[in-house]
Amino acid sequence: MTKMRPSANHFGGDVSAGIEEEPDGVIALEPELARVWKLAVPLLAVRGNDAHTLYALGLARTLLHAHPEADAAVVLPAMMLHDVGWSRVPPEEVLAAIAPGGGRPELVLLHEKEGARLAAGILEQVGWDAARVPQILEIIDGHDSRKEALSIEDAIVKDSDKTWRLTPHGIDTVMEWFGLERGQALRLCSQRVHGHLFTEEAAAIARALSALESVTQWPERQDLLAGS
């Protein structure tokens, strides 16, 4: 679990007065996306897709900062709704669809098609810009199976989705999905991410995440953890 509160204050004093309220890089969820989330979250409660979606959304915001030419009003709702279709796949078959060394491509296609259908209803309910909806649905319907990116918006969604695997939450999740040790999960995620991204920025983020997780595996770091 991510640490939210300290277990100690080694300095002994209060430094909170020197902390800015909104420093660069700290992001929030916009109210219009929060409305989408409220409708999407019941459909995302499958194999951790709810938390995955939020972390992927954060990565998408980072890539949008690097690509101001991309339309955030397409990328962000597509990112938030890209996996709602897994709710229409039997829960016991979801991992079979994406398991290494096998997979059920027909289930991947099903979750994309159903995801686009469900997303259309949610976007209509929240009154999302109708002119953008066709592109959003096109991105969702093919975000896993389509090998090429149709646009910079599609590339950002695809890259954010994949790069999540190398985040601490992604590694934790994949470990539990397949019963893997952390090092095994890191190697599996690395082989599924590196060389499969469309933007240079996502590739750099993915390299950094892999490097940090690699350090955790080093005997030197393990020795420090054992002594803490």
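In which hand does α3 pass α6, right-handed or left-handed? This is a predicted model, so everything I say describes a prediction. In it, α3 passes α6 in a right-handed crossing.

Some geometry on that pair. Helix α3 covers residues 72-81 and helix α6 covers residues 133-140; their axes come within 9 Å and cross at roughly 45°. That angle makes α3 oblique to α6.

On the α3 side, the residues in the contact are Ala73, Val74, Pro77, Ala78 and Leu81, and they meet Gln135, Ile136, Ile139 and Ile140 of α6. By class, that contact has 8 nonpolar residues, 1 polar and no charged ones.

Staying with α3: 8 of its 10 residues are buried, so the helix is largely enclosed by the rest of the structure. The buried ones are Val74, Val75, Leu76, Pro77, Ala78, Met79, Met80 and Leu81. What do they pack against? Besides α6, the partners are α1 (31-44), α2 (49-66), α5 (105-126) and α7 (152-163). At the N-terminal end, α3 is capped by Asp71, with a side-chain oxygen 3.0 Å from the backbone nitrogen of Ala73.

α2 packs with helix α10, residues 200-217, at an angle of about 135°, and the axes are 9 Å apart. These two helices are therefore oblique to each other. Here too the crossing is described as right-handed, with α2 passing α10.

In this contact, Leu59, Thr62, Leu63 and Ala66 of α2 meet Glu201, Ala202 and Ile205 of α10. The residues divide into 5 nonpolar, 1 polar and 1 charged.

Note on methods: Residues numbered from 1 in each chain as written. Predicted model: local features only at pLDDT ≥ 70, side-chain atom pairs only at ≥ 80, totals over all residues. Heavy atoms only, no water. Axes fitted to C-alpha atoms, helices over the stretch in contact; angles between N-to-C directions. Helix = DSSP H or I, 4+ residues; strand = E, 2+ residues; numbered from the N terminus. Parallel < 35°, antiparallel > 145°, perpendicular 65-115°, else oblique. Left-handed = near helix turned anticlockwise from the far one by under 90°. Contact = heavy atoms within 4.5 Å. Nonpolar A, V, L, I, M, F, W, Y, C, P; charged D, E, K, R; others polar. Buried < 20%, exposed > 50% of the residue type's maximum accessible area, 1.4 Å probe, protein only. Polar contact = N/O pair within 3.5 Å; in protein donor to acceptor, adjacent residues only side chain to side chain.
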